[in-house]
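Please examine the model shown below.

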Amino acid sequence: MQRVNLSTVSEFVFVGLSDAPKIRLLLFVLFLLIYLATMAGNTTLLIAISTESHLHSPMYFFLSNLSLLDLLCPTITVPKMLGALLLEHKEISFSGCLFQHFSLIAVVGTEIFLLTVMAYDRYVAVCHPLRYPSIVSTKLCAQLAVGTWAVGLLNSLLHTSLVFTLSFCGPNKIQQYYCDIPPVLALSCSSTRSRELVILVVAGVLGSSACVVTVVSYIYILLEILSRNSPGIWHKAFSTCGSHLTVVCLFYGTTICTYVRPSFTYSLQQDRVVSMLYGMLTPLLNPIIYSLRNKEVKCALRRVISRVRSAL
């Protein structure tokens, strides 16, 4: 049987970070602090949701899944980046790059679909409050959560197979700090046009479908709010949906700018900044956004922190 992968490259080298020793040390400290803060924030939010009984509702179930994804996303890329900054170990094996690529695309794809599910949950809560417990049941929550993870994994499997079955027989320096689609495609010595088209179409269809469902959900929410001439209802609805809408705008904007576009528009400096936004800052900001705009979460976080302090 003929091998599908005709690659002669056994490893890749990351060259997406500064080579200046002083800058490297500064970047190492900065990214380490961001990573630790991200881990602490999302872990605390997960503990609060799991231990506080009044947070055992569909909205917080989906939020716990989002926190788990926000723990996984930087963990896939940041430790390797920190090692490259501190130890100058910038090499990654071909199989390691494949696994990193598959894991990251799976997490990003799952988060896109999860945010869509959360928008539908908010639509039912605002527009059909009396029927909410029967519509968004425990069984449906489990099915939606499993579905988002399954679609994210299948989407990643398709993208990874399209990219890593190409031939890599020339340069092996990735102009990024992790194995992302555009910089890896740029290293292939095969024709990538047809595969880029498939990746663009699949990403565009799935991304636009998720975006349409989210937008339509919020249009119905807005119409429902406007139809009720009550400032109290407006305030409750905006406080409930505002956090999710902020996260959606931040995540969708950076992700679409990175993946849903042809490779000839690829810009090294611009894409490094954008990838750091959705790969590091978004997971850091998500628990902050949800805790700042939600009194229940803030109270739960205070109780968790006080328990940790008393234990220490």
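Helix α3 (residues 94-127) lies across β1, β2 and β3, and runs at about 85° to β2; axes are lines fitted to C-alpha atoms, for helices over the stretch in contact, with angles from 0 to 180 degrees between N-to-C directions, and contact means heavy atoms within 4.5 Å. Helices (H or I, at least four residues) and strands (E, at least two) are DSSP runs numbered from the N terminus. This is a predicted model, in which local features need pLDDT of at least 70 and side-chain atom pairs count only at pLDDT 80 or more, while totals for chains, interfaces and linings use all residues. Residues are numbered from 1 along each chain as its sequence is written, and side-chain values use heavy atoms, leaving out hydrogens and water.

The three strands form an open sheet in the order β2-β1-β3, with mixed pairing; two strands pair if DSSP finds at least two bridges between them. Because β2 (91-93) and β3 (173-174) each have a single partner strand, one side of each is left without a neighbour in the sheet. Strands β1 (residues 11-14) and β3 run parallel, joined by two bridges, and Val13 has Lys173 in β3 as its bridge partner.

The whole structure contains two disulfides, a disulfide being a pair of cysteine sulfur atoms within 2.5 Å. One joins Cys97 and Cys179, with sulfur atoms 2.0 Å apart. This pair links distant parts of the chain, Cys97 in helix α3 and Cys179 in the loop between β3 and α6 (181-185), 82 residues apart. Cys97 is buried at 0% relative accessibility, where buried means under 20% relative accessible area, exposed over 50% and partly exposed in between (1.4 Å probe, protein chains only). The other disulfide joins Cys169 and Cys189; its torsion of about 135° about the S-S bond makes it right-handed.
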